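Work through the exercises below with the sequence and the model side by side, trying each task before reading its solution.

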Amino acid sequence: MAKKGESTAVDSVFKMIKDKGVKMVDMKFVDFPGQWQHFTVPVTEVSEETFESGLGFDGSSIRGWKQIHESDMLIIPDPDTVLMDPFCPIPTLSLICNVFDPLTKQKYDRDPRNIALKAEAYLKQTGIADTAFFGPEAEFFIFDDIRYDSNEHSSYYFLDSSEGKWNSGRVESPNLGYKPRYKEGYFPVPPTDSIMNLRNEMTQNLIAAGLHVEAQHHEVATAGQAEIDLRYAPLVTAADGLLLFKYIVKNTARQHNKTVTYMPKPIFGDNGSGMHVHQSLWKNGKPLFFGNGYANLSEMALYYIGGLLKHAPALCALTNPTTNSYKRLVPGFEAPVNLAYSQRNRSASVRIPAYSQSPKTKRVEFRTPDGACNPYLAFSAMMMAGLDGILNKINPGDPLDKDIYDLSPEELKNVPSAPGSLEDALKALERDHDFLLKGDVFTEDVVGAWIDYKMTREVKPMALRPHPFEFHLYYDI
């Protein structure tokens with residue numbers, strides 16, 4: 001609590017409202033799958049009491065949440081998340097909110113941000129560390145056109161990009177021919193990289209919103225694949241930042257009549273989009289992952305890796321939460337499906353970056369996740385798996401420093417792989433989730449609701465529908 005005369009975070013909100021001439025206030029919160037939702041109120045409806053008592057909304061309309069007979073919910077804004085929305089012509093303030101039950105006044109268990117806050121609290125309770133840093137590298141595609149439909153008698157998708165190699169023969173009056181070849185988009189200079197200026201604009205918008213951008217570049221695939229890297233931040237701040245990142249990148253593209261997707265595998269035959277997640281633990285301002293072990297890792301870091309690898313199949317249900325995720329996670333390609341760790345081998349699911357040799361930059365990189373995940377759930381689950389490794393001293397085994405493609409069948413069979421489908425990952429989560437329940441971070445209700453939602457809304461509907469490629473394979477039977 002602030003002392004008399006001291007400025008508080010709430011005071012800062014009202015100062016910004018006055019200084020910026022704010023007319024509207026946008027209340028954002030995250031739904032169960034991981035998308036921002038919002039509603040907007042006139043600035044006259046916001047007072048100091050709003051940050052204590054909150055505002056009501058209908059929770060039954062939010063995916064994976066309340067039933068219609070228990071629909072009333074509260075959101076209470078977090079004043080530390082305040083910023084001006086850069087895409088609203090009318091001065092609009094943006095606040096990220098936590099969700100509460102209006103009857104009990106308790107934080108709602110299925111609110112992903114509340115789960116992440118509990119994860120941070122649990123970390124401190126263990127005494128192992130006081131801060132978990134996360135640095136996501138979210139890849140995405142920038143397309144010019146996307147059309148899709150699925151109904152009783154047809155199903156299709158069509159996407160296009162002026163950069164797509166498939167357009168090298170298209171009449172463009174004139175077609176100038178600078179199209180990145182498949183798997184060769186990493187990373188030529190303009191004019192082949194035609195979206196550099198757009199990525200620069202995205203980067204500047206991100207910086208203006210308070211995010212720390214480290215780099216931006218074209219990614220491996222043709223057709224506008226991109227990556228913009230954010231600097232690491234504490235768990236909840238990193239998750240807040242990733243949703244803000246998506247919001248800014250998508251809306252900046254929209255201003256140029258382009259569309260952005262974080263769908264892991266939108267293009268057949270070229271690289272998909274992942275989200276490598278760098279993570280480390282600190283205590284009292286000191287890094288804990290640097291040491292004298294393999295790749296200059298501490299014993300704690302190796303146990304953390306052991307936890308990630310042990311629980312990786314279950315983690316995939318949260319870090320790779322779509323049926324499309326497993327079109328990217330395919331053995332035999334460059335995707336990090338091998339549940340092993342290595343200092344440099346990028347086919348391993350856990351990598352220790354070779355260029356992070358100082359104590360402050362020593363970290364582990366979990367390469368399996370993708371940008372379709374809910375970052376609050378995914379980051380929390382990864383940290384809980386790592387902490388389980390530390391608490392139970394789980395040995396990660398020997399590193400995989402060989403080229404995976406040079407391994408003999410005998411050697412390869414000893415390297416476990418990530419699940420081959422979302423259904424397999426959900427079954428793994430059903431079998432292995434006790435590590436998530438520690439400290440009441442996740443609950444049985446949350447885990448059960450996640451599995452049920454994904455099976456009912458995604459796995460089973462996908463399994464019921466004929467696939468267009470099946471007509472190619474089987475129509476003439």
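Predicted model: local features only at pLDDT ≥ 70, side-chain atom pairs only at ≥ 80, totals over all residues.

**Exercise 1.** Locate proline 331 in the chain, and decide whether proline 331 is buried or exposed.

*Solution.* Proline 331 belongs to the loop that runs between α7 (325–328) and β16, where helices (H or I, at least four residues) and strands (E, at least two) are DSSP runs numbered from the N terminus. Its relative accessible area is 54%, so proline 331 is exposed, given that buried means under 20% relative accessible area, exposed over 50%, and partly exposed in between (1.4 Å probe, protein chains only).

Residues are numbered from 1 along each chain as its sequence is written, and side-chain values use heavy atoms, with hydrogens and water left out.

**Exercise 2.** Classify the ring pair of phenylalanine 29 and phenylalanine 57.

*Solution.* Rings of Phe, Tyr and Trp (its six-membered ring) pair if their centres lie within 6.5 Å, and planes under 30 degrees apart count as stacked, over 60 as edge-to-face and the rest as tilted. The structure holds 18 aromatic pairs. In this one the centres are 4.8 Å apart and the planes stand at 40°, so phenylalanine 29 and phenylalanine 57 make a tilted pair. The pair joins distant parts of the chain, since phenylalanine 29 is in strand β1 (residues 24–30) and phenylalanine 57 is in strand β3 (residues 55–58), 28 residues apart. Both phenylalanine 29 and phenylalanine 57 are buried, and Phe29, Phe57, Trp65 and Tyr108 form one aromatic cluster.

**Exercise 3.** Check the span of helix α5 (residues 235–255), and say how many of its residues are buried.

*Solution.* The expected span of a helix is 1.5 Å times one less than its number of residues. For the 21 residues of α5 this gives 30 Å, and the end C-alpha atoms are 30 Å apart, which agrees. Of those 21 residues, 15 are buried, so that α5 is mostly covered. After α5 comes asparagine 257, whose phi is positive, near 60°.
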